[in-house]
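Hello,

Here is the structure I promised to pass on to you. Have a look at it first, and then read my notes below.

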Amino acid sequence: MSGSPKRGKKPAKRSALGRIARGLYIILFALSLVVVVSFVALKFYAPAPDLPNQVDFPLGPDDTDAPEQPSASVDDPGTGNKLTLNRRKGVYTCLLLGVADQGGSDTIMLGVFDTVNKKASLISVPRDTVVKYNGSYIKVNASYSYGGVEATRECVSKMLAVPIDYYVKVNLRAFREIVDEIDGVYFDVPVDMNYDDPVGNLSIHIKAGYQLLDGKKAEGVVRCRNCYPNADIGRAATQRAFLTALAKQTVTLSNVGKVTELINILNKYVESDMPLNTMVYFGTQAVGMDLDADMETAGLPGTWIYPYWELEDDKILELVNGLGIYEEPVPAKVLRIAHP
């Protein structure tokens with residue numbers, strides 16, 4: 001009789017464990033359902049951009065007055081007056097423009113994002129690069145003064161035979177506010193910087209070396225052009241390095257609580273034709289990328305021949321083909337590189 005109560009309690013214990021197990025199962029199922037629904041909703045809200053998968057290039061002498069962005073039309077591909085290239089799936093391009101308060105494009109970069117292989121490229125376009133616009137040779141940064149974003153977009157697109165899907169224009173004051181919001185950025189300043197420009201509202205005095213930059217110093221680092229013997233070429237390399245450091249140090253768990261403030265800064269200083277759902281899509285595709293290993297940076301190779309930076313055709317062709325935008329090799333005849 002003494003053993004009967006003990007045997008009677010075991011089923012109750014198993015029953016309690018069973019209820020706990022069922023409860024945990026229900027919770028896990030509910031969480032899994034939320035994850036699945038959220039994933040499906042995100043895919044529905046932020047699908048991959050739907051862009052033309054072929055690009056046409058006019059052939060023959062470059063005798064047009066105004067720059068012309070490569071057409072996405074594929075009508076009559078066999079006329080001999082144009083050449084059609086097929087875009088690789090999942091590869092997108094964006095023109096990045098940095099502008100100062102006084103107007104004018106102070107910084108020009110081409111971004112390429114391969115969402116399939118999780119690789120990105122950031123290419124600096126020196127502001128003194130010579131282009132042909134309205135029948136005249138000008139510096140590429142001057143195109144912004146003549147025709148705004150679209151003029152610069154067309155010049156860069158035509159020069160490199162690259163369709164530009166989107167643009168992002170950033171007032172350089174955004175650097176100051178973003179850096180201050182995340183309590184500074186650690187960066188290895190490559191040279192001593194001493195430059196004053198009352199007209200441009202610049203007063204830059206920063207020692208070389210690895211240090212924590214506040215917003216004012218960060219803005220000075222990305223804007224100082226006369227701090228380098230090779231002017232814009234040296235500055236462009238520093239800008240690419242700083243953007244990489246800023247991205248790495250912004251996207252951290254410690255800054256999760258500052259998302260709202262960062263979004264407000266971007267709304268204040270950034271203009272773009274990229275739809276919100278496309279931004280979300282690119283953001284989801286960038287999760288897990290190692291910017292040290294997965295992002296390549298470079299400048300357009302060329303030679304300084306006063307008063308222009310003249311591109312080197314063979315090296316530019318190699319660089320463009322290395323971007324992996326097209327299924328086929330890009331032939332030299334579709335590039336529109338200006339030589340006065």
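**What I found**

The lining of the second largest cavity divides into four nonpolar, three polar and three charged residues. In this count, Ala, Val, Leu, Ile, Met, Phe, Trp, Tyr, Cys and Pro are nonpolar, Asp, Glu, Lys and Arg are charged, and the others, Gly among them, are polar.

Before going on, a word on the background. This is a predicted model, in which local features need pLDDT of at least 70 and side-chain atom pairs count only at pLDDT 80 or more, while totals for chains, interfaces and linings use all residues. Residues are numbered from 1 along each chain as its sequence is written, and side-chain values use heavy atoms, with hydrogens and water left out.

How confident is the predictor? The mean pLDDT (the predictor's confidence in each residue, from 0 to 100) is 84 for the protein, and 79% of its residues reach 70 or more. Over residues 63-69 the pLDDT is below 50, and this stretch has 18 contacts in the model beyond near neighbours in sequence; a contact means heavy atoms within 4.5 Å.

Back to the empty spaces. Rolling a probe the size of a water molecule over the atoms shows where empty space is left. On a 1 Å grid over the protein atoms alone, a cavity is a set of points where a 1.4 Å probe fits but cannot get out, and a pocket is an open set with protein on both sides within 12 Å along at least five of seven lines; lining residues have an atom within 4 Å of a point. Grid points are joined across faces, edges and corners, and a volume is the space filled by probe spheres set on the points.

Helices (H or I, at least four residues) and strands (E, at least two) are DSSP runs, numbered from the N terminus.

The largest pocket has a volume of about 2400 Å³. Of the 50 residues that line this pocket, A247, V251, L266, G283 and A286 lie nearest its centre. Its lining has 35 nonpolar, 13 polar and two charged residues.

Now look for the sheet. Six strands form an open sheet with mixed pairing, in the order β13-β8-β3-β4-β5-β14; two strands pair if DSSP finds at least two bridges between them. Its edge strands, β13 (270-272) and β14 (295-299), each pair on one side only. β8 (residues 166-171) pairs with β13 in the antiparallel sense over three bridges, and V168 stands opposite S272 in β13.

Finally, two backbone details. Most residues other than glycine have a negative phi, and most peptide bonds are trans. A161, in the loop between α2 (142-160) and β8, has a positive phi of about 55° although it is not a glycine. Y306 and P307 are joined by a cis peptide bond, with omega about 5°, and P307 is found in the loop between β15 (302-305) and β16 (308-311).

Best wishes
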